[in-house]
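Please look at the sequence and the model shown here before reading on.

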Amino acid sequence: MDETAVHITVNGRARTATVEPRLTLADFLRDACRLTGTHLGCEHGVCGACTVLVDGAAVRSCLMFAVQADGAEVTTIEGIGSSDGELSPVQQAFRDCHGLQCGFCTPGFVVSVTAFLRDNPSPTDTEIRHALSGNLCRCTGYQGIVKAVRQAADTLGGAPR
Amino acid sequence: MKPAPFQYHVPATIPEAVQLLAELGEGAKVLAGGQSLIPMLALRLAVFDHLVDVGRLAELQGIERRDGQLWVGACTTEAAVEASAEVAAAVPLLARATPFVGHVQIRNRGTLGGSLAHADPAAEYPAVALALDAELEVVSPRGHRTIAARDFFDGLWSTTMTPDELLVGVSFPVWSGRSGFAVEELARRHGDFALAGVALGVELDGDDRIRRGAIGLLGLGSTPERATAAEAELTGRPVSDVDPAAVGDLAMAGLASVPTDLHGSADYRTRIGAALVTRAWTTATATATATATATATATAEARHG
Amino acid sequence: MTTDLAAGGTGATRYAGARINRVEDARLLTGQGTFVDDVSLPGMLQACFVRSPFARARIRGIDTSAALDLPGVHALFTAADLNPGVHEQWHTSSGPQTPETPRPPLAEDEARFVGDPVALVVAESRYIAEDAAELVDVDYEPLPAVVDYTRAEDADVLVHEGHGSNLIGELAGLPASALDEVLASAAHVVCETIHQQAYAPVPMEGRGLVLDYSPATGELTIYAATQSPHEVRLFCSRLLGMPEHRIRVVMRDTGGGFGQKIMVQRDEMCLMLAAPKLGVPVKWVEDRRENLIAAGQSRHEHATVTLAFDADGAIAAAGIDHVSDCGAYPTPWPVTTAAAVGVLFPGPYRVPQASFRTRSVYTNTVGRAPYRGPWQFESLAREVLLDIAARQMNMDPVELRRRNLLRRDELPYSNPCGMRYDSISPLETFEQAVELLDYAGFRTEQAEARQAGRYLGVGLSNYVEPTSPGYGYYATEAATIRIEPSGRVNVYVAGGSAGNSIETTVVQLTADALGARLEDVHTIQGDTAVTGFGAGAAGSRSASMTAGAVRETASILRDRIRAIAAHKLEAAAEDIELADSRATVRGTPAIGLSLGEVAALAYFDPFALPPGVPAGLEASARYTADTRSVWVNATHACTCEVDVTTGQVRLLRYIVSEDCGPMINPNVVEGQIAGGVVQGIGGVLYEHLAYDDDGNPVTTTFMDYLVPTATEVPTIEYGHIETPSPGPGGYKGVGEGGAIGAPPAVVNAVADALAPFDVSVTRLPLSPAAVVALIDA
């Protein structure tokens, strides 16, 4: 069992651990870093519940090994919103628009949407739905989620198209 | 759903990478973006004793013009391809195909080379490479060689690369002239693997005759398919003489191993394949027809200037 | 619409009825929720099952030596190790007398479905446990399996030898022959066999448990992904022969359930039996593949259904002969649930006579588990048949329904199977849907589209459902309310929310009941050590039952608060108003006490309290349901476009017109409906828990089991009608209806779009390939 040291900055904090190469980034975050907000819904890269930002890009942390993230900057759901508990505009929009019920898929959505709106500040409704299609939800029927993205886009100042 | 154990190697150079592959043999697998490989490892559908991570090799990244072609490094992410103005200008078919590749979260890690090497017959990039007669550059301890796309895919998830060869880059021909491109596919949901699809390019001469057609098919065989017979039939004909529905039927003729599974039978796939080719043909020829010759020449000159 | 809580003199209903933001969201949005896989205890081990790869096989032997040799493996259990530990196993809702399917925790001599748990590995990590599971060498002798449930009754192979038959049970009302006369004389009779495929709840979080047993104290703490923490405790207590009060079940957050997490299944039984043997905590969380092959299937059934009409299209009789696939280990005993299909088949219509027969059969596939509206097939079959009838009789399907739907003034109405409906509004709800849809406008649009070679369609469905079961262990619900010494309020209820927002709704109800500000009320749920017994979130019972529990409990405290305030303020108790966390004298709002001041008196100055008023401000009470069922009805309307070349269906508009009574929180109501609707859409167009002919599951990952995404669903529009139930607050249940009303609406829309092709849709799912096949036929 060849273990190797990894150095990953998670939510701005440097983390070091000795890990097996097969340890997924998701499990590294959940177990080694005790950041359990990133969830495992499928572990084969379809549901998106495990979405985190790696060097700013939204990725499925179940489809990365921690060793691949050595040297990278990772942002998890715990790093969205401020450390004093104030919700980000995306988080607040999900709350205002009833965009979550059980909350299991929610961190993945929030992270994906945060990256999406950063890169696409003025999305059309179709673009919003396409952007959401990489995350699965079983509770909400996506109604509140679509509204939340629209609200967050408006709050963040994107002009409507 | 955890992968079986493996040893992990991060070669610092391409020669080191291929040397490792040669030494480690069949028990080793190249890891690039991992978007196709890691699910298989998690499901334990595939087990490798060694993974050779080439994702950080700078020489495998990049998009640039080389000798009138567009070279894309094998470990260039699909997201980078999607964002590239160079790709959009030089290889529109590649640009059009990319949004169909999974979802943005997949494209942020998945690589062009990884997709080609994984050789899923329902993936977009293999069909694009085949349609455009791309050239795939591979390296081994024995040196470099170039494999034409038509010689690259030899079976389901199988390529003609030897176990000690590493795909390092892909060169796509750049079409000048009056051309149009379209990608059509049918997937059960947005972002799913296609049940059937087409990546199509058509070029017209100054008299609106078909100079060439390139019809790459996905989901309709155990490898991506090229509708060469249809292309031959079309070449030289006035575009207005061609019934798009006939193009669809022509493209489906002779497909020998159309898959059947839970999502659709071979008959069904062939049927929608024809419709998708028809739609793509209509779109691409409309674009090509609308491109005035003078504009095409000017654009071509600008590209080569 | 005021509720009776307000009528009790607490002041205005401030929070019930309002779209209050949820109290759950702050933690869930920031990744601070506690789902079962988030629980980590010192020394905790992880478990993983070895599962049968065969649909049916004799288990001749299990060699665990290689697995046990793997470093990091702590224990490996087989049936011989665990199964003798079972004292009793039965679900409270079924009772000990129900002729249940034998339920060995681990498979003994025979594996009965692919995924059947055969051995349990416990190791330092799930990674190692999975490595070890691969090293367990099970000597299987594959046997022929029964996979096709439609032939199970006549099959040579018995899924459970001891049962003597593959027929689990049959329940019937009037026999089909009782309708012979009316059918013979009817102006029109329509009869079809309608088939629904297997699909499943697929919550985003799978099942899971963490168990922590302390040998010294004999205490077992279980963290569970569940909809019914108290039932987990009670079941476990019986299973292990361990006193119930030494078991504590905690659920903080559960990631969806939809019925699949209501009942303890065999996998969880294995963990309960193994935990006391380990000496350290153990966790088992199923992965997605396990959830798809072993957590349970639903919806797999068919029926021959008949409707007879008179010359004016009035229904003369209805009959259903129904068979459902219950797999190898159904949970719970499925026969009575199947009977619900029979007795509800007449739906919200005026039906003079009806017959039904329901049969449940075993197969060598995963057992049937509850799923949102488990009887929903009756609505699918009836509404699809109504549209077929309309087409055959050359009647508008809206007009056909209009003629037959029950009106408010006909209630209470006993359907021909003895179901007595009250407090619903089928016709009125239907008319609201038709209006929201602009039905006439759509038909014009449809005609124009057809001219242009495009195929649009509209589908409607109506249903009536029983919610909030008022019998057996579902019939009561308790609350404890503690107004703390500072005046802040804690309300404790059993809980079981896997996403149904009962933390928020209970806080709303309690705030209203006590006249407290929302922010002064907090709830604690899902911990059996601190909450009174409750059956959990099932049967769409939470709104009505928690409203009753809060009402009963709060009324005790309200009286005390007013008495204490009146005494202190020298006013009459009847003149004390409670609002904004204050007790004030009516007419003089400046004169009053805060809840904190009242509490301080109650806790710290007991001798100053009025005579007869006990010290403290805590109370517990248990509400017993007023009715056997709280009836709810709705109409769903769906429009679609079908691409007749590819068979793809695109949903255009989706309207739900529902009468779920007054709403505690309209966001919650609409959210529950939306979730159910999308699961119903999934069930018609995308989801299929499929097996091949040998009983191998084919859809074992999300790449093949297709759950709808945001691009497959339309925007859902809602119309609300509020006919109060006789129960507390007039509230009714709304959790399941979306999944009941949606499938027929979608099917009917597709069939309507394909009407020019003379297509009859009687088999699901409607994949694009299936649609094309229908057109071709």
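In this predicted model, chain C and chain A bury about 4,100 Å² between them, and 57% of that area lies on carbon and sulfur atoms; buried area is the accessible area, found with a 1.4 Å probe, that two parts lose on being put together, summed over both. Because the model is predicted, local features need pLDDT of at least 70 and side-chain atom pairs count only at pLDDT 80 or more, while totals for chains, interfaces and linings use all residues, and side-chain values use heavy atoms, with hydrogens and water left out. Residues are numbered from 1 along each chain as its sequence is written, and chains are lettered from A, and ligands numbered from 1, in the order in which they are written.

**Contacts between chains**

- Where chain C meets chain A, 55 residues of chain C are in contact with 46 residues of chain A, contact meaning heavy atoms within 4.5 Å.
- On the chain C side, C:L29, C:Y127 and C:M204 lose the most area to chain A, and together they make up 21% of what that side buries.
- Between chain A and chain B, about 2,400 Å² is buried, of which carbon and sulfur atoms give 56%.
- Of the area that chain A buries against chain B, A:R22, A:L63 and A:Q68 supply 27%, which is more than any other three residues.

**A loop residue, B:R109**

- B:R109 is placed in the loop between α6 (104-107) and α7 (112-118) of chain B; helices are DSSP runs of H or I with at least four residues, strands are runs of E with at least two, and both are numbered from the N terminus.
- Leaving out residues up to four places away in sequence, B:R109 touches A:V59, A:M64 and A:Q68 of chain A as well as B:A32, B:G33, B:Q35 and B:T77 of chain B.
- B:R109 and B:Q35 are 74 residues apart in sequence, yet 6.9 Å apart in space from C-alpha to C-alpha.

**Two sheets in chain B**

- An open sheet of three strands has the order β1-β3-β2 in chain B, with parallel pairing, where two strands pair if DSSP finds at least two bridges between them.
- In this sheet β1 (7-9) and β2 (28-31) of chain B stand at the edges with a single partner strand each, so one side of each has no neighbour in the sheet.
- Three bridges join β1(B) to β3(B), residues 50-53, and B:Y8 stands opposite B:L51 in β3(B).
- Another open sheet of chain B has four strands in the order β11-β12-β13-β14, paired antiparallel.
- Here β11 (178-187) and β14 (225-226) of chain B are the edge strands, each with a single partner, so one side of each is left without a neighbour in the sheet.
- β11(B) and β12(B), residues 194-204, pair in the antiparallel sense over 10 bridges, and B:L186 stands opposite B:A196 in β12(B).

**A helix pair in chain A**

- The axes of α2 (residues 89-96) and α5 (residues 143-155) of chain A come within 8 Å and cross at roughly 135°; axes are lines fitted to C-alpha atoms, for helices over the stretch in contact, and angles run from 0 to 180 degrees between N-to-C directions.
- That angle makes α2(A) oblique to α5(A), because angles under 35 degrees count as roughly parallel, over 145 as roughly antiparallel, 65 to 115 as roughly perpendicular and the rest as oblique.
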